[in-house]
Amino acid sequence: MIELQSVPPFFEDKPELLQEILDRYPPYGRRSAVMPLLWEVQRAERHVSEARVVEIAEILDLHPTEVKGVMSFYSTYHGEPVGRWHLQVCSTLPCALAGSDALCDHLVRELGVVPGETDPEGRFSLQKVECLGSCTTAPVVQVNDAFYERVTRSRADALIEALRRDAPPEPWRERGGDAAGPDDAAAEADAAPRDGEGEAR
Amino acid sequence: MNDVATSADPTQERITRRSDPRFEVTLYRHVGVPGAQRLAYYREHGGYEAAAKALRTDPGELVRTVQESGLRGRGGAGFPAGLKWSFMPPDDGRDRFIVCNADESEPGSCKDRYLMEDDPHQLIEGMMIAGHAIGATRGVIYVRGEYYLAYERLRDAIDEARAEGILGPDALGTGVAFDLILHRGAGAYICGEETALMNSFEGLRANPRLKPPFPAQAGVYGRPTTINNVTTLASVVHIVRKGADWFSRMGTDDSKGIHHLQLSGAIRKPGVYEIPMGIPYREAIYELGGGPDGPAKAFIPGGTSCPLFPFDDAHLDLPVEYAAVAKAGSMLGTGALIVIPEDQCIVDAMYNVTRFYAHESCGKCTPCREGVAHWLPLLFRKLLEGQGTMEDVDLIEELSGKIRGTAFCPLADACVWPVQTSLAHFRHEYEHLARHQAPLHPRKDRWKA
Ligand SMILES: Cc1cc2nc3c(=O)[nH]c(=O)nc-3n(C[C@H](O)[C@H](O)[C@H](O)COP(=O)(O)O)c2cc1C
Ligand code: SF4
Ligand code: FES
């Protein structure tokens, strides 16, 4: 616990952000801020350390164990740092029916990490996750906040290659059925490829 | 079963075919159109006219309109929306909440995501109307953490709406106060269960709560709350705009209006399809989805939490209708239709399903924590790894039977329903594994080049 003092508090130099988050909720619902606060830390530091747990607890007048309890419930807060590029491969049934097992194996081979692991340089980490809500455009890989959909073999290689250059392509947002838009919009979209299509092919 | 093909009164013939010329894609009308997420676009297409009308209407009348429309909840359970709204207690001066369940995590489902990404104002408008109907001045949209784009689009849309006075103390200049809280989840399926969602929103671990009290009595922060799914709330906009009759003219007596099928798995044209309720599954799978992309043996009608159907004429001829699907032994659920190919080992597929629920079990109650989160996937693994026996097959069956109906919330049932039906229809595949220590359909690489 002694070393905790040496880390400057995360929200110390972000008073506006902190206030904005706290102000979202009614006065009797201050505790609701725990998830957004955890997320700010996770996003900036790629994990939530003990020191941050204690800090968030102090802000919200909770016991650190309560914050820990919330944090451990969810799969997107991590106790250990994830990579700069955190690849989350959906492995649930619709994605599995579109080859997500082979896709995941391929990523393991190419990135040299197994699910749950981060490489020594802190560059790549891999996580097998459950349904991401992109089942009609399976298989899907989420890289940090962005979805890459209908990830074929060639697309997977293009994605890895781009991430190695720290230059992620625009997310491949695929659509099917009425989600693709009315026919006239679809025709326009055919004429002018959607974001990211160029890199994808 | 309702005879949906022939409506009783020919003068008022219902729309039960997507190909019916009177049917128009409505909720998804602007999905997929670049720029549709902006307020200017939304307003050009009649946006917020329904809310302007609704906020000047007596709340009781709004509730009646939604009841007359026959709208049922699109989050899975299909509870009548207007009836749910009518459960809110009389105003006692406390804050009241309308909550939008945008946690969409039922495997196979993605209809809410596109509505939020491409038409966030439609959802905001639906929340304003629902909020006014139940007397709530605050709304909460709980969006799953992975839907980052949806979150950004909603956040920007809420900012636009506030800047224009659409949201705020004098919403749309009607004198009615209404504002929204946008809250993100962080990856936990159980947060879709309404009381777990409320705990999660309050900053607690997302364990489901005991009911009663129901949300209308004690919901968010113990205050009167109504919770509805994204698609339910978006539907309300059009019911107010076009009238309850417009909505109830689609579908069957039991299931009225519009639904969204999300076709995934072994299908040629996967995607989200807006349909009038009552269309036969055959039309959905073959005419909209282009048919299965090879021989198929089963389909799950409403997300992995539902019993599966064999891919046969009797089931393909069923209408997309809550009652008919329930009578045939499954559930309409979220409308997430997953087609399972003939050459897919059903035991492997069900292992995938049990693994999902094992991962998502909140650990609160014993049948689910021990049965779903531990023993069921373990038994499946044993079989799949060539170590299983016929006793293990029986054990899966027995265990599933004991889990069903004994757990605290429906998550555990959701896990065993597909398992039990897979045993009912494809037991030979389980037995093949137990006898030969190898699957009838070996794993194959389905990943496309
Ligand atoms: C385990 C479980 C998960 C659920 N997940 C969702 C979900 O992701 N989205 C949703 O709208 N409803 C979900 N529901 C249903 C909700 O509890 C609730 O019935 C629904 O949000 C009510 O809205 P509606 O009446 O408009 O459908 C889930 C229920 C259970 C038991
Ligand atoms: S059934 Fe599972 S998810 Fe539901 S309360 Fe019990 S342990 Fe939690
Ligand atoms: S199963 Fe992968 S996104 Fe739904």
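In the classification applied here, Ala, Val, Leu, Ile, Met, Phe, Trp, Tyr, Cys and Pro count as nonpolar, Asp, Glu, Lys and Arg as charged, and the others, Gly among them, as polar. By these classes, the lining of the second largest pocket of this predicted model comprises 15 nonpolar, 11 polar and 15 charged residues. This pocket holds about 840 Å³ of space, and of the 41 residues that line it, those closest to its centre are A:Trp39, A:Arg43, B:Tyr148, B:Tyr151 and B:Arg184. At least two lining residues each are supplied by α1 (15-23), α2 (34-45) and β1 (85-90) of chain A, together with α7 (148-163) and β4 (176-184) of chain B.

The largest pocket, with about 1300 Å³ of space, is lined by 49 residues, of which B:Gly75, B:Gly76, B:Ala77, B:Gly192 and B:Glu194 are the closest to its centre. The largest share of this lining, five residues, comes from β5(B), and the lining as a whole divides into 19 nonpolar, 19 polar and 11 charged residues.

Ligand 1 takes up the space of the largest pocket and is surrounded by 17 residues, the closest being B:Gly75, B:Lys84, B:Asn101, B:Asn229 and B:Thr232. Within this shell, three residues are nonpolar, eight polar and six charged, and strand β5 (residues 225-229) of chain B gives the most, with three residues. Polar side-chain atoms lie 2.9 Å from an oxygen atom of the ligand in the case of B:Asn228 and 2.8 Å from a ligand oxygen atom in the case of B:Asn229. The protein covers 90% of the 610 Å² of accessible area that ligand 1 has on its own.

Key
Residues are numbered from 1 along each chain as its sequence is written. Chains are lettered from A and ligands numbered from 1 in the order in which they are written. This is a predicted model: local features need pLDDT of at least 70, side-chain atom pairs count only at pLDDT 80 or more; totals for chains, interfaces and linings use all residues. Side-chain values use heavy atoms; hydrogens and water are left out. A residue is near a molecule or strand if one of its heavy atoms lies within 4 Å of it. A polar contact is a pair of N or O atoms within 3.5 Å; within protein, one must be able to donate a hydrogen and the other to accept it, and residues adjacent in sequence count only if both atoms are side-chain atoms. Accessible areas come from the Shrake-Rupley method with a 1.4 Å probe; for residues, only the protein chains shown count as cover. On a 1 Å grid over the protein atoms alone, a cavity is a set of points where a 1.4 Å probe fits but cannot get out, and a pocket is an open set with protein on both sides within 12 Å along at least five of seven lines; lining residues have an atom within 4 Å of a point. A molecule sits in a cavity or pocket if more than half of its atoms lie within 2 Å of its grid points. Helices (H or I, at least four residues) and strands (E, at least two) are DSSP runs, numbered from the N terminus. Grid points are joined across faces, edges and corners, and a volume is the space filled by probe spheres set on the points.
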